[in-house]
Amino acid sequence: MGELVQAHLTSSGQSRDRGCGEDAQRRATEDELADVVSMCLVYAHRQGIDVEQAIERKWFRHEQHHRKRGFTAASPRDQAN
């Protein structure tokens with residue numbers, strides 16, 4: 001997790017430039033995110049956690065409530081169009 005935070009801080013200009021270009025910084029952030037997500041999935045598997053069910057319960061339970069009030073989550077791709 002610490003490496004992901006460091007990659008984010010570097011790529012967002014909140015940490016010193018480590019001599020990498022923008023593409024390399026983006027790649028480092030993507031790689032570290034992949035590590036964190038993968039380790040979380042391994043952890044969930046070993047603990048017998050149904051990830052889809054946990055996300056549904058934790059993140060999407062309020063979705064209907066917010067949609068009724070006109071709030072929806074927009075991805076950066078949606079905002080660009």
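Good morning. The structure is a predicted model, in which local features need pLDDT of at least 70 and side-chain atom pairs count only at pLDDT 80 or more, while totals for chains, interfaces and linings use all residues. Residues are numbered from 1 along each chain as its sequence is written, and side-chain values use heavy atoms, with hydrogens and water left out.

Let me begin with the overall picture. The protein chain has five helices and zero strands, and its elements run α-α-α-α-α from the N terminus on. Here helices (H or I, at least four residues) and strands (E, at least two) are DSSP runs, numbered from the N terminus. Of the 81 residues in the protein chain, 10% are buried. Buried means under 20% relative accessible area, exposed means over 50%, and partly exposed lies in between, with a 1.4 Å probe and protein chains only.

Which residues make the contact? Helix 1 contributes Glu3, Leu4, Ala7, His8, Thr10 and Ser11, and helix 2 contributes Gln25, Ala28, Thr29, Glu32, Leu33 and Val36. Contact means heavy atoms within 4.5 Å. By class, this contact of helix 1 with helix 2 has five nonpolar, five polar and two charged residues. Ala, Val, Leu, Ile, Met, Phe, Trp, Tyr, Cys and Pro count as nonpolar, Asp, Glu, Lys and Arg as charged, and the others, Gly among them, as polar.

Next, the buried side of helix 1. Its buried residues are Leu4, Ala7 and Thr10. Seen down the axis of helix 1, these buried residues fall within an arc of 130°, so they line one face of the helix. The arc is that of the directions from the helix axis to the C-beta atoms. An α-helix has 3.6 residues a turn, so residues three or four places apart point the same way. What covers the buried residues of helix 1 includes helix 2.

Let us consider some individual residues. Thr10, in helix 1, is buried, with a relative accessible area of 9%. Leaving aside neighbours within four places in sequence, Thr10 is in contact with Ser15, Arg16, Arg18 and Gln25. Val5, also placed in helix 1, is partly exposed at 42% relative accessible area. The C-alpha atoms of Val5 and Thr29 are separated by 8.5 Å, although the two are 24 residues apart along the chain. Just after helix 1, Gly13 takes a positive phi of about 80°.

In helix 2 we find Asp31, which is partly exposed with a relative accessible area of 36%. Asp31 and Glu3 are 28 residues apart in sequence and 9.7 Å apart in space, C-alpha to C-alpha. Leu41 also has its place in helix 2 and, at 47% relative accessibility, counts as partly exposed. From C-alpha to C-alpha, Leu41 is 7.7 Å from Val51, ten residues apart in sequence.

Thank you for your attention.
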